[in-house]
Amino acid sequence: MPNLDETKKAKGAKQRRRNESLGSLSTIPPLRCHFQLINIPIKGIDSPRFSLGLPISRWNRSIGVARSRIGGRSASLDLEMEEQRIASGKMVFQPILEAGVFRFDCTASDRSAVLPSLSFADPKAREKSIEAQMLPEFVPTFERCDGQQTVTIQFPSGTSFYGTGEVSGPLERTGKRIFTWNTDAWGFGPGTTSLYQSHPWVLAVLPDGKAFGILADTTRRCEIDLRIAAIVKFVSAAVYPIITFGPCNSPTKVLMSLSHAIGTIFMPPKWSLGYHQCRWSYESAEKVKEIARTFRDKGIPCDVIWMDIDYMDGFRCFTFDKVSVLRLVIGWEHFSDPESMVNDLHARGFKAIWMLDPGIKMEDGYFVYESGSENNVWIKKADGEPFVGEVWPGPCVFPDFTQQSTRLWWANLVKDFISNGVDGIWNDMNEPAVFKTVTKTMPVSNIHRGDPELGGCQNHFHYHNVYGMLMARSTQEGMKMANSNKRPFVLTRAGFIGSQRYAATWTGDNLSNWEHLHMSLSMVLQLGLSGQPYSGPDIGGFAGNATPKLFGRWMGLASFFPFCRGHSEKRTADHEPWSFGVECEEICRLALLRRYRLLPHIYTLFYLAHTKGTPVTSPVFFADSTDAKLRNVENSFLLGPLLICARFVHLIIRGKGRFGYFDGSIPKSSSTDPSFANWDIQNSMVRREEERCRIMLGGSSMASASSINSKSPTPLPWLLNTLTLAALASRFGPTTPKKPLGSFTANPTMPDQGSHECACIMPKGIWQRFDFNDSHPDLPSLYLRGGSILPVGQPVQYVGETNPTDELSLLISLDENGKAEGVLYEDDGDGYGYTQGNYLLTYYSAEIDSSNLTVKVSKSEGSYRRPKRPLLVKLLLGGGAMIDAQGIDGEELHLEIPSESQVVKLVLASEDWYRKQMKNAKNIPSEDGLTGQKGFELSKTPVELKSGDWALKVVPWIGGRIVSMNHLPSGTQWLHSRVEIDGYEEYSGIEYRSAGCSEEYKIIGRDLEQSGEEESLGMEGDIGGGLIIQRIISIVKRNPKILRVDSSIIARNVGAGSGGFSRLVCLRIHPTFTLLHPTEVHIAFTSIDGSKHEIFDGSQELSFEGNNRPDGEWMLVDRCAGLALVNRFDLHQVNTCMVEWGAGTVNLELWSEERPVSIDTPLEICHEYEVRQLS
């Protein structure tokens, strides 16, 4: 019998092959070629034949001319006609932009046929060829069929894939597939394939550490398929070019090259880098002012308060609700005088940001609607009339931002709106989202009358993905028109690659659970790897109620994200930092004070991103892209040379190599679940204390004090580090974590452990731990790379509280040669003086000479005058120990290095203090029931159903899995299962082992067999996003031969913010049947079109759709046993039937369509099983 790991690998590989033939959302034009009924003989089987739904392009390549018989009828295909519709080969190229950048087209004639680029900052740069000596290292191949263009690029084995923009799930994208189609994805999960933004871009990191970038330059819906290792595949409507960047020596170089094409991030006002507080909604001006006062009274830093949609008069954009029910009930006015409210906020050091949506209420007398109608700005239907769709205000029309005249119209509205004291604008719902439609957007047949330079008049299918970006562009232009001396700040939900030129973004309507805390880091990193460095999640989760520990740890991590905002939706508990008890409040205070201390560094990183295209945050492997073990690290990240290690992120293992998340506890079945016994310990970095000290102190090998000659030319940092190792190891002794650490993509840690109790995967070299005397088990650990100087400011309550003459601190971590360098960017914090040279860019250096450290300004740029301010230099020695010296910024400073014995004492004392600090810390209390936990505690004895011909065993605690399906009259056990794998499962998405297969299910009903009644079991599992999978298993007494299963995905509590519709889901019935006599078993059915099929083991994974589907019934036939297991189903509920053969097993899957669900429109599959005797 194969072991569990082999089974996992085999199943995963088969799934990747299987998914090759999957379709997608039927309401959007298909990506792949049309499917035809093609007669293909199965190897080793003479008759009868079966039909296989495959894209013409695929079978034409591999099969050629095919003639066969179906059910006794003769059929032939004229392939010559089909070949005329198919083209394939290597793409042709030309160098563009700069060395190492190439444009690829299917043919030379395609270069003039493609539409203008909307991703390039200068679209003309894509069209202009340059002279170049080098040839491309990787040449894509293409295949065109029925209007679809498939592009494939093969890379060396061991290549890792990243990017693809705003995506959920793991950081490393190999094995994943997404679709670029901007979608209102409230309650998205790790397997959701389309979110709010589209970035048809892949960053490939080659085995040798070099990097390569690929951009599919199309605005249309694009499939990015990375399911086959080392292969990138794009599928979209023809024609479109491919732009490649590199190979470059590092991923950073590729991102810099990408920025030369798509542009860099706008230079943000410095205040926007502070903390932002938001809620849907603060219902009045008085409430907003109360929130502001509380922040200041409690000493929790904050710079911005946001106004969600309820500030408007009936959700009408550019209006304020000046009279409300609150005024009648408690005497509060809503927003009767927004300018006065903003003045009060400004006096306390706050900025105010207000929401604007694209949906404009269709109402006579409403000035925006009347003005837009007069200027003919609305998107049209195919018949030329304005499209009307329902959003928050009711029936709405939508501006056509593809027209310059419309963008100017909108910009003027924004300009006037700013006069109310608006500091920033939030563009929401701009996918564009439309309520009461399963597509969650407007029809793709709608017409945009676009400017020629954008592509001219096109349908919505072409402009859908850039609608949000063009709205943000227009909003930014309006803010510039209002005040040319201030930098605009715009936040957009929807976007396209290149949106960073106009707006920041956030990761959408996430959930208050540990899964989304974990995903928030990889999502921010992926956006940064796709050209958008200014992003962050809703801290604490938008939907649902965070627990104190969840919120505190989320704040601890997200306080280092580029965009830092807390936000929550209606009908949830308060989610301000003080809402979760004093312990959590203190953690939030410490976390945000850390952020504000580091603002000089963060602002510098944004300046470098703006001018050079470098990332603000980056994955740990950017420190050493040749180190393969760093490529999947998801609980740490880099902020320049600063490494933030949040090792307390919680994780769960879902089996079969598929990772997921959990809410604070290992599943109770872990003690008996073999998948937990086989965790890979290698990457968990369990070290002896000496090794931990080496990482902490920065050494790269072990040495004892006695083996070092103090008179040798060994650099002092190396000497100090090695001298302390033996002392530390002997003092504290070897240690290992309290529990074994699992290692999947996310480097999981155990629940209730603090940051100090968990191992961390570190890059090679010197990484010095430090803190601000604020280390805490619920806060991430901080490390500074050897050779770096980190500028640090004062702990302030808001950005405007700082003064140029405030003391500046420099934290120094020396490299192995006793040197370090760093950079600090300064300007007025707002305005455009920096473009005229009014800035100060200071390069600091530090170097040891003998026993002295010299710190000085090595170079400076800009005309901004250096403030006369004190300078505090802190040299990190290891173990958190440091020595300091004071001076004046701009003047050379000298610091005497203590003796070796003094260094050892300092390090040991620092370690003692750190251990006591962690031991005595007041941790955020853990809860008995953490948010998002599925189900309740159940006995580990399977639930049994026995009636009529059937006896079943079900394990509710793992996906409600049926592990035994015994047919009593024949004594046949049909299911192949262990408790933790296979059996009868159900998924909620097209991705393999998506939500539903591992959640703990509740038993919602149990009816024991009585006279005339049925034996039944009802269960449901929470799959996140307000959705549940519900399953009713029943054996009806009046027909005891039938086993019936009714399954559904139900919207139990889908947020109003999505118009009542969930994320995209697909109900998948996934039973694994055992083959008692593998050579004598086949699957038989008659398809809807009347053709008959017999499918034997050894066939590939097969997909049957449309008229190829079984006509409501298929059966698993065992000729040796003389039995057939018949599976009947409702054709109206089943969109796809799948067959997958395994080692002695077969899966007969039923798939629903993939679509959002609402309370009124669940997904359902009702089916039944019966055993028949063969004649």
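The legends below describe close-up views of a predicted model.

In this predicted model, local features need pLDDT of at least 70 and side-chain atom pairs count only at pLDDT 80 or more, whereas totals for chains, interfaces and linings use all residues. Residues are numbered from 1 along each chain as its sequence is written, and side-chain values use heavy atoms, with hydrogens and water left out.

**View A. The disulfide of Cys645 and Cys760**. The structure holds one disulfide, a term that stands for a pair of cysteine sulfur atoms within 2.5 Å. The sulfur atoms of Cys645 and Cys760 lie 2.4 Å apart, and the link is right-handed, with 130 degrees about the S-S bond. The pair links distant parts of the chain, 115 residues apart, since Cys645 belongs to strand S35 (residues 642–645) while Cys760 sits in the loop between helix H20 (716–732) and strand S38 (767–770). Helices (H or I, at least four residues) and strands (E, at least two) are DSSP runs, numbered from the N terminus.

View C. Leaving aside neighbours within four places in sequence, Ser474 is in contact with Phe401, Arg407, Trp410 and Ala411, where contact means heavy atoms within 4.5 Å.
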